[in-house]
Amino acid sequence: EYGYPKAVLEHEVRNILDLDDLLPEILDRVFDVFPKADRGFIMLRDREAEQLIPKAVKRRRTSDLGELVVSRTILHQVLRRQHAVLSHDASEDHRFREGRSVANYGIRAMIAAPLVWRGEPIGIIYLDSPGIAAFQTEDLELLSGLAQQAAVAIANARLHDELLKRQRLERDLHLAERIQQSFLPRGLPSLDGYAFAAHYDPAYEVGGDLYDFLTLDDDRLAIVVGDFAGKGVSAALYMARLTRDLHHLALAEPSPSKVLARLNGAVLESGQDDIFVTLTYGVLDRRTNGFSWSSAGHMAPILCRAHTAEALHDEAGLPLGVMPDASYADAQVELAPGDAVLMYTDGLVEAMNSTRDMFGVSRLLDALADGPVGAEALLERAITSCARHVADAPQFDDTTVVAVERVQSESTGAG
């Protein structure tokens with residue numbers, strides 16, 4: 001007997017919450033209890049890989065620089081049965097005859113105990129010695145008791161680490177949310193003869209959608225709706241950069257397709273291989289009442305007229321950031337009084353109900369055609385009809401909808 005109270009380990013390590021500091025400290029205390037132990041280590045179970053990973057190693061002799069090898073047979077037996085194992089001479093122990101490393105590496109006396117937390121094995125603590133019978137039968141109970149305390153300390157350290165990671169993630173999400181909100185429009189634009197409506201609903205704290213209005217001159221307004229394949233702070237920062245580049249290019253290029261081509265080059269130059277963007281960029285001209293647009297892998301705008309709604313034909317190019325020198329095409333439609341255009345992201349049409357049936361473009365067109373044409377009314381029907389279809393099913397993607405209407409003048413009438 002070593003006369004070492006088992007509570008001492010708990011007292012020594014209970015306030016250590018960093019796993020990298022905790023595990024060597026546990027081994028130091030265990031070596032104090034077992035002076036005949038020559039080598040020892042702690043291995044923790046990797047839940048995803050379903051294997052034991054060495055996390056801390058200790059050698060009593062500083063001159064011992066040899067490779068520390070242990071029998072997998074011993075480890076598997078301790079982990080599978082969840083109780084401590086002792087061998088006075090492992091090389092002659094019939095339980096480990098299938099384990100070649102036991103004999104090959106001169107393992108003699110060894111003792112090992114499982115680290116168990118709430119009935120689940122989370123690792124192993126192992127000691128061995130080149131001397132025969134270095135450990136006694138009563139050492140099994142002692143090491144098992146120490147292993148129980150060590151398992152509690154390790155579990156607490158892991159929980160603390162998870163808490164810190166969660167707190168960092170929450171801080172990142174709040175930061176990303178503030179960044180994103182800072183460049184979303186603060187209100188709707190004002191353009192004589194036109195009315196606007198917009199809806200933005202992120203599925204999580206930080207969305208991947210974007211929409212914007214850019215005043216080009218007194219008569220022209222650019223409208224942007226896009227979807228980022230990325231989340232979190234990096235995506236929010238990247239979205240801010242892309243919005244800045246888009247503002248610059250929109251003022252420099254009159255053609256929507258040329259704006260997208262140059263923006264695609266800017267995306268590729270950024271070197272962000274894990275982020276790409278689908279986007280529709282449109283320009284509304286009050287002088288001609290024309291709406292011209294170009295699409296980078298995005299859904300076509302929808303033209304709404306009295307009791308009709310149709311997806312406008314366009315030649316959607318590749319998403320931004322996929323291929324250098326990608327080409328984009330312009331499309332245009334003239335808006336008569338009372339006409340409206342709806343732009344949206346895939347979160348609207350790909351929203352699914354509890355049976356995984358998507359809302360779809362067809363249902364959206366039916367909803368838009370079933371009622372008065374007007375920016376606010378169209379947006380309201382698009383959102384409510386989708387929500388009615390989805391019902392109580394969870395939202396998995398961001399939803400953005402922008403509507404622009406050429407208002408009816410009093411002289412024109414209701415038509």
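## Surface and overall make-up

The accessible surface of the chain amounts to about 20900 Å², and carbon and sulfur atoms supply 48% of that area. The model is a predicted one, and within it 51% of the 415 residues of the chain count as buried. The chain holds ten helices and 15 strands.

Contacts in the chain can also be sorted by how far apart the partners lie in sequence. Of the contacts with a separation of 6 or more, 67% are between residues 24 or more positions apart.

Strand β10 covers residues 290-296, and seven of its seven residues are buried. In a regular strand, side chains alternate between the two faces of the sheet. In β10 both faces are covered: G290, S292, S294 and A296 are buried on one side, while F291, W293 and S295 are buried on the other.

On one hand, β10 pairs with β9 in the antiparallel sense, over seven bridges, and among these pairings G282 has W293 of β10 as its bridge partner. The two strands β9 and β10 form a hairpin with four residues between them, and in that turn N289 has a positive phi of about 55°. On the other hand, β10 is joined by four bridges to strand β13 (residues 331-334), and these two strands run antiparallel; here G290 has E334 of β13 as its bridge partner.

Helix α10, made of the 16 residues 375-390, reaches 23 Å from its first C-alpha to its last, which is close to the 22 Å expected at 1.5 Å a residue. Its buried residues are A375, L378, L379, R381, A382, I383, S385, C386, H389 and V390. These buried residues pack against several other elements, namely the strands β6 (194-201), β11 (302-305), β14 (340-344) and β15 (399-406), together with the helices α8 (346-349) and α9 (360-369).

After the helix comes A391, whose phi is positive, near 60°. Although Q395 and A351 are 44 residues apart in sequence, their C-alpha atoms are 7.1 Å apart in space.

Helix α2 spans residues 19-33, and L22 is found within it. L22 has a relative accessible area of 0% and is therefore buried, since the buried class takes in values under 20%.

When residues up to four places away in sequence are not counted, L22 touches V13, I16, A153, I154 and A157. One of these contacts, A153, lies 131 residues from L22 along the chain, yet the C-alpha atoms of the two residues are separated by 8.0 Å.

How values were computed:
Residues are numbered from 1 along each chain as its sequence is written. This is a predicted model: local features need pLDDT of at least 70, side-chain atom pairs count only at pLDDT 80 or more; totals for chains, interfaces and linings use all residues. Side-chain values use heavy atoms; hydrogens and water are left out. The expected span of a helix is 1.5 Å times one less than its number of residues. Buried means under 20% relative accessible area, exposed over 50%, partly exposed in between (1.4 Å probe, protein chains only). Contact means heavy atoms within 4.5 Å. Two strands pair if DSSP finds at least two bridges between them. Accessible areas come from the Shrake-Rupley method with a 1.4 Å probe; for residues, only the protein chains shown count as cover.
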